Structure formats: C-alpha cells, structure tokens
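These are my notebook entries on a structure that I had not examined before. I wished to look up its nonpolar cores, the packing of its helices and the surroundings of individual residues.

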Amino acid sequence: MNDFDANSFIAGILVGITFVIFVVIIYRITRPKENMLVSPNKKIYYVRDNAGVNNVRLQFESLIVLAYLTNRTLMIPQKSLIDHYDGKFDEFDILDYDKLTKYVKIQFYSRKPEMKDLFILNTRLHDAKYKNFPVDMDWWFDSGNSRIQHFQCLNLSANDQKKALFIITNAIGLKQELFDILNITSEFLKIKNKPYNSVHIRRGDFLIHRKKLMLTEEDLAKNIRENIDPAVPLFISTNSDKTFLNKLISLLHEYTIITSYDYESKINDSIQQAMADTLICANAQNFYGTPLSTFSTGIIQFRNILAIKYNKNIATEPKSIIPGQNFYETKGYSGGSLCWDRITRFK
C-alpha cells in the first residue's frame, strides 16, 4: 500500500470514529430523560383505597416505593372512610410518621389539583413502567389503578427491587401508640413475655366471597389440633360471630384459648383493635393464617420484619389454617390483573 492509500485509510478511520462519537453525543442529548433521575420538585397524588386497613397499607407501600425511587413528594389525601372502621382514616393512624419522613417527602392535600396538569395513570400500577412516566409532570393515581397492588409486584429492575425492599423494611413502621396498646392487651391477656401461638380465622365477608375456604367448627378444631401445640396458650383472631367462636372453643377444650373479645373492653377503637390483633399474632411463636386475606399476609409481613430487624426468634414460614390452601410466594391467586395476596419475604 502506497503512502497515499495509507493516509487515506487512516483518515477514513478517524472520520468514522469522529462520526460515531458525534452520533453518541447527539443521542445522549436528545434521548428521553429517564425517570430514575430525581424529581425533587414533583409530586405523586393518589386516591386512597376504601377497603380495609391492610388493603390501604398495600396501596400505600407501593406508592412509597415509587416516591422513594423518583425522589418525589407523596401527596396524602385527607382522611376518608374505609371498610371495617367507624371513623375516617389516614395512613398515620397506624404508621410512624417520623420514621417514614426520614426517607420520603410527604405532604397532605385537601383540594384536588388541576387534572389537565397531571399525568394520569390509565392502567394498573404494576402493569406500568414508572420510568416511562413523564419526568416533568406531577402524577395522579386513581384508587382503581393503584389499589390491591403488592409493592413487590411493581414492574421494577433488580436494582429497584432491592431499593423497594430497603424502603419498606426501614421506613414502614407502626406508631408507638400501637405498641403501647400491645403492652396493655398482652398484660391483660397474661401473655406478655410468655410463649403462645396464634391463628387468624377469616369469616365475615369470606362466608360470601370465599365459601370454598370456609370450614366448619369441627374441621377447624381438627386442623388446629393436628398442627398447634396445646401446651401453650392459643390466641384466636377472628371476625366470626360469637356463636361460631364459642363452639370452636368448646371443641378445643384442652387448649387455653384467648381471643379479641377478651380485651374488647380495654379498646373501643376498631382500628386499634385490628392492630392489637395484628401485633399479638405477629409476636406469637407460631402463626397460622387464612390465605387470600390481607390481614393474614400483613401479619406475616410484620413477622418477617420482627425476625429480620429485631432478631425475634419466631417461625416466619407462612402457615395456612385451611388444609390444601397455601399462601403465595409470587403473584398468587389474583394473577396478572391484580396482585395483593403474595407473601413479603424481604429477599
């Protein structure tokens, strides 16, 4: 190859390299901004679920994850009516405000913002990719699109999933008042600092919506007897009527049984009663729950946190009180359109 050809060849390579660098620079300048960039002045608005407290918690945890990942301010709606409660509710009736706000910015809103200025989610939250949401707009999530979503079902990268586990483990904590109530009820029930087991038996609305899961008193007594040691007290949390519960207790005559009804004179607030049941079940040596009940899955989640963060020596394997029905480790019963019944493993 003569000198002219060599020089032309080298010049061609340099031109090619320059062109590639130019294309890369233009792409970086003009490509859509990724939503993983922080948005410190942008907000996430939502409409609170009106189901029970654990359904509200599921929704809230998913939104906390998004606020944390995008550094947005989570806008909390004013108190509203929810199921199984006789008053208006917001998340800080049960959650520790100070713990959460160490990690996530929150504000309260009472007036609906101008919808024309918002990005409005038009699909279910866990079916969407938050990095495709517009960075330069505030976001609005209706209850219908953001409720009944487990935070681990969100469409997240592996790195974001780790961040999600971190924020829920560290920022979601129950308010101190509930632990004070736990102390009161535990002392009253004579189980404070003593071994006991617990079971959650969901009845009520499940008698209509989950008929196949409903066992007779005899079948429940048989299953309890086959799985739960009678040598220590058994705490039963249930929304059954007293007739059903009394018959079950009479069948389990060899057990020392305590129930929510035993302390109801001490607490007259339905949310506090529900959270007292949650914490009593969460602190038991062994817990058996009702699959497809977010009350049971919430208890299992708190049991995992107690074991992970506070080294509490309790059995964290999800155990079902209904033979043949198990708790779900992935998306669970509800499949692709909903995702609320899986177990939080924090790993």
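**Entry 1: Nonpolar cores**

I began with the largest nonpolar core, which has 69 residues. Within this core, the residues with the most contacts are Phe60, Ile64, Val65, Leu74, Leu100 and Phe141. I note here that the model is a predicted one.

I then looked up which elements give two or more residues to this core: they are the strands β1 (43-46), β2 (73-77) and β7 (138-141), together with the helices α2, α5 (158-171), α6, α10 and α11. The most is given by α2, with 9 residues.

I also recorded another core, which lies apart from the largest one and has 25 residues. Among them are Ile148, Ile201, Leu220 and Ile257.

**Entry 2: Phe141**

I next listed the contacts of Phe141, leaving aside its neighbours within four places in sequence. Phe141 is in contact with Ile44, Tyr45, Tyr46 and Val47, and also with Leu63 and Leu66.

**Entry 3: Helices α2 and α11**

At what angle do α2 and α11 pack? I found an angle of about 55 degrees between α2 (residues 53-70) and α11 (residues 294-310), with the axes 9 Å apart. The two helices are therefore oblique to each other.

On the side of α2, the residues that meet α11 are Asn54, Asn55, Arg57, Leu58 and Glu61. Their partners in α11 are Thr294, Phe295, Gly298, Gln301 and Phe302. I sorted the residues of this contact into 3 nonpolar, 5 polar and 2 charged.

**Entry 4: Helices α6 and α10**

I turned to α6 (residues 176-189) and α10 (residues 270-282), which pack at about 70 degrees with their axes 9 Å apart.

From α6, the contact takes in Glu177, Leu178, Phe179, Ile181, Leu182, Thr185 and Leu189. From α10, it takes in Gln272, Met275, Ala276, Leu279 and Ile280. Sorted by type, the residues of this contact are 9 nonpolar, 2 polar and 1 charged.

**Entry 5: Ser270**

My last entry concerns Ser270, which is found in helix α10. Is Ser270 buried or exposed? Its relative accessibility is 19%, and buried means under 20%, so Ser270 counts as buried. Not counting residues up to four places away in sequence, I found that Ser270 touches His84, Tyr85 and Asp86.

Terms used:
Residues numbered from 1 in each chain as written. Predicted model: local features only at pLDDT ≥ 70, side-chain atom pairs only at ≥ 80, totals over all residues. Heavy atoms only, no water. Axes fitted to C-alpha atoms, helices over the stretch in contact; angles between N-to-C directions. Helix = DSSP H or I, 4+ residues; strand = E, 2+ residues; numbered from the N terminus. Parallel < 35°, antiparallel > 145°, perpendicular 65-115°, else oblique. Contact = heavy atoms within 4.5 Å. Nonpolar A, V, L, I, M, F, W, Y, C, P; charged D, E, K, R; others polar. Core = buried A, V, L, I, M, F, W, Y, C linked by side-chain atoms within 4.5 Å. Buried < 20%, exposed > 50% of the residue type's maximum accessible area, 1.4 Å probe, protein only.
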